Each structure stands twice: as C-alpha cells, then as structure tokens.
Amino acid sequence: MQFRRRKFATSSVAVLALMLSACGGGGGSGTSEPGASHETADKVTIAIASDEGTLTPFTNQTGYPGNNLVKLVFDTLAVVRGDEVVGLLAEELKTEDNQTYTLPLRDGLTWHDGEELTAEDVVFSVEFYRDHAEGDSAVDVSMIEDVSAEGSTVTMVLDRPDPEFSRMVLADMAILPEHLWADVQKVSEAGADLAVGSGPYVLDSYDNSRGYTLTANPDYAPGEVKVGTIEVAVIPEESTQFAALRTGEIDMSTRIVPPQQLEQLQSQANIEIVEGTEFASTLLLFNNGRPPFDDPAVRRAITQAIDTRDLIDTALLGSGTPGSPGFVHPASPMAAGDGSPYDVDAANAALDELGAEPGADGVRVLDGEPMSYDLLVQSTSTDRLRSAELIREMLSEVGIEVKISSMESDSLDAKVWPDYDVAQGRNYDMSMWGWSAPVMLSSGLIAQLLYSDPADGPLNVAGFSDPETDAALDALTAEETLEGRVAAAADLQTRIAEQAPWVTLYYRDGAYAFRSDTYSGWTWQDGRSVLNGFSFVDYDL
C-alpha cells in the first residue's frame, strides 16, 4: 500500500499540531512555491499508482494520495496554512478554552449539486462520523460531546480541552451533504454519485482502471480555482509514470522521485522538482500477536540487527532520514531523541539469552521452532523491495531467516489490515508498511496506532498490546496544553523504543517532479506534499 493513515482517526504522539508545522517543510515555514510561470492551466494530468475508490471520505484506499484527492472534492471547516490553522468553510475559529468552539460559516457556500451548505450539514456530518467511524478518511469525533447549529453558526463542545482539535478534526473532517448521505447505511459501498462535496473540484467521471476527471467548481466561495481540469491517471508502475512525465503524457507524478532518477529528471528541460521535509514513515511491522513477535525482547533484538543508515544509503541513495526508535521524526520539535539502536553484537547476545540456539542450517531455533519468517512487501515499491532484501541479509547475520513475499498492495492490505478493521485481526509475520505524514502530525493519531482496544486504536495493525503504554497514551491525550503534551510525548516515545512494536526504518525525503511548461503553481504543504488545495486554489482566507 501507499502510505496509509487513519481511520484517521487520528494516529499518536502529541503536540505536533502547531509545533510541527512551525518547523516547516521544504523551502519555507510550511509552504514553498517552486515556479513563477504557468500559474494557471486549462488542464493538468497527474499520475497515481492505484485506484482510490469513489473519492468519498469512506472509500479512498490510501492516505496519500487518496485522502489528498478526497480533500479536493470535499472541503473541511478549517485548513492548515503554514504554521497556523485558519477557517475554510468556517469564516473563523473561535475558542477561549480549547473546549468550546464557535464556528460561523462563510457566506455563499453550496454543494456541487447547487444545494446550499448549511450549519445543519455540519451537525449532520459530526453525527454521521460518530456512527460510521470507518474508512481511510473518516475522522474520529468521539471527543465532541455536543454539536449544535444556530443560524449559520456551529458550536462544538468537547469532553475536555484539546489544543490540537482545530488541526486534528476541524482541518481534517470532510463535511457531508445531509440531503445525499442521510439514508446511507454501508459507507464502504458508497458510489461515485455520493462524491458530491463543496470543494474546489467536482468529480466529473470515474473509471476504476483508468482514473478520474475533476473539473473546477465555478461557484467555489473560498477562492479562485487556478486549474480548469485535473485528469488523474492510474499508472501502477513507477518507471512508466516517470517515462510518461518525460514525454509529456502526464504533468506531475504523485510518487516520490526515485533517487536513481533525480539527477536525470533535474537535467531535463521543462521538468522541475519541488522538495520538502516528509514526515511519512516506512516501517517493518511485527505481528505482535504471533509468537515470537509477542515478546518485546525478540522485537528489540531484531531492531538491533537492522542498520537503518545502510537502508537509506543503499535503497534510497542517501535521500532519507533514519527512523527514530520512538517513531517521531527527529526534525519534529516533539522528538525526544534519535540515534540508532543498531548493534549486531547486542542482537546476537540478546537472542542467545532468549535461548535461541543455531540449528544445523544456521537458522536459530526458539522454543522448538526455527526462526524463519515471511516478510510481506508491496510489489510496486522499489525502495521497499530493496529494503526488504537488505533486511533479509541483515537478519541472516543474527541467525534469522527471512522469506520475502512480494504482492500487490490490496493483497498485502488484506493480510495486515483486513477491511481496514483491526478488530478482525491480522495474518502475517512481518510486513513492510508505512503511515503518511498526517499520522505524525497529531498526538491523537499516534495514539490510535498503539491503543490495545480496537475502539481506541483503530490503526493498531501490529496488534500491539501493553497496559503501561495504554496508560502513557491516557496521560498524553489528557494533557490540556501543548507544553504538557510535549512532555507526555517524550515519555511515550521512550515506551515505544522499549517495546519496539515495529521498527521505524526511515522517512524518505520528499521530491516530486512536474512539468513546468504546463503548470508551475505547485505549493508544498507539510503533511500533504504538493497534492493539496493550495496548489490549485488562490484562497481568500
């Protein structure tokens, strides 16, 4: 799969809200504009790797680029701009205590079918998400104790103060039209006829093998749309996407430019690269519910055997940052520490202490079973395939055999996250995996990666369960100030490093290629790369 994110729910370490964006991304404090010409276009064609469903908040398949496309069709109450959260559908965001939020809607809001967007639609949306907390772009609204409408103003009261609410929920919850969604029961089966939002683009056509046509919303109240039509082409193979970019068949690839092709693309006329800090993570997942991965000592030993710097230097040609043992990107002001636990001697000693004796073939035997495990990896991801091969070599050095199973994303997802419902369990030993940047931009989201109870941890695809970590998460989410969450996040990261529910391998550097002779208005946004509203809309916020 491409990098996934939520139910988003929301995924855990804590503060990142205002603070992460303050550290900026790419060329500025959160946004950067790479080109000065071709700031408008009649049509832009972008390529994605796989079908993203019907582009409703319940049917897209990935956080990136799927949720990014959904957010071009469906608007939110707020939007992250640089290092602040500002109103989008809401004229402004009013709160004095981070618990009661007053949200007057801007004038002239309409749905794509011409119906008026009202405060009642917002109330409906909150209650609908409360009853249908499923799907990659659905949002956790459990903290909203009460929501009401008076005229064109919405009031939300939380169960406790939450300094991240504006970023975590208001800037992420796609507002739904009540007149179309009121009778929907099975959101996972929502068709393209329900992809009717209030965003800058209207879903004009959809073919699950070919892609989408999005046309500019002529009545878009928050700003002026700069590109008339966005053609979204499904091109699974990485090499084919970049070949199409070189020939002008597409104008932008949503894939990060492979390090091997970066210099060549940069030297080609009319192709430019926009770069920024990526907070998306690449992980080695353990099935924490399956022996021997239910033992944190085994997980720690495997973590010690993996040289993440070598993965970056070899698989990414240096274009990345080594993963933090505590999961949080070291460039984040939330990061409590970095440094690699890599130590082959320590890994071997730990396995010896566990009683894992080498067998006749050199593969260790633990509790009567050979330490030979399958590692799932996405067949379309060259860097993950190469990383898996390197991990196989590294673990062989400590007597662990790895068998790589390359498969299509949908097949892999069905084993790791069946029906996107962690309560259904999982069927794998180890898997390459990734979470998109927004997961790391909210403490609530990181919490959902780790909570033992599936109701609180809808993103816990590792099946991790630890009462002390649950207590640390409770302490984190109970903090009412950003400063308090920073301190609580440090404790949580220590716990993650100790328990090693997965190995955070690396964070790839963001580099996206586009044709400047077609359109150069691409704008970087932390957590959304360049596939975001600021690239297509001249907002009046």
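This is a predicted model: local features need pLDDT of at least 70, side-chain atom pairs count only at pLDDT 80 or more; totals for chains, interfaces and linings use all residues.
Student: Why is H14 called roughly antiparallel to H15?

Tutor: The axes of helix H14 (residues 443-450) and helix H15 (residues 467-478) come within 10 Å and cross at roughly 165°. Angles over 145 degrees count as roughly antiparallel, and therefore H14 is described as roughly antiparallel to H15. The crossing of the two helices, H14 and H15, is left-handed.

Student: Which residues in H14 and H15 meet?

Tutor: From H14, Ser 443, Ala 447 and Leu 450 take part; they meet Thr 469, Asp 470, Leu 473, Leu 476 and Thr 477 of H15. By kind, the residues of this contact between H14 and H15 comprise four nonpolar, three polar and one charged.

Student: What makes H14 mostly covered?

Tutor: A residue is buried when its relative accessible area is under 20%. In H14, eight of eight residues are buried, and the helix is accordingly mostly covered. Among these buried residues are Gly 444, Gln 448 and Leu 449.

Student: Which residues have the most contacts inside the largest nonpolar core?

Tutor: They are Leu 77, Met 156, Met 173 and Trp 181, in a core of 82 residues. Helix H3 (residues 119-131) supplies the largest share of this core, with seven residues. Leaving aside residues up to four places away in sequence, Leu 77 touches residues including Leu 103, Val 122, Met 156 and Met 173.

Student: What other core lies apart from it?

Tutor: Another core, of 38 residues, lies apart from the largest one; its members include Phe 327, Ala 437, Ile 446 and Tyr 451. Ile 446 is also one of the buried residues in H14.

Notes:
Residues are numbered from 1 along each chain as its sequence is written. Side-chain values use heavy atoms; hydrogens and water are left out. Axes are lines fitted to C-alpha atoms, for helices over the stretch in contact, and angles run from 0 to 180 degrees between N-to-C directions. Helices (H or I, at least four residues) and strands (E, at least two) are DSSP runs, numbered from the N terminus. Angles under 35 degrees count as roughly parallel, over 145 as roughly antiparallel, 65 to 115 as roughly perpendicular and the rest as oblique. A crossing is left-handed if the near helix is turned anticlockwise from the far one by less than a right angle, and right-handed if clockwise. Contact means heavy atoms within 4.5 Å. Ala, Val, Leu, Ile, Met, Phe, Trp, Tyr, Cys and Pro count as nonpolar, Asp, Glu, Lys and Arg as charged, and the others, Gly among them, as polar. A nonpolar core is a set of buried Ala, Val, Leu, Ile, Met, Phe, Trp, Tyr and Cys residues joined through side-chain atoms within 4.5 Å. Buried means under 20% relative accessible area, exposed over 50%, partly exposed in between (1.4 Å probe, protein chains only).
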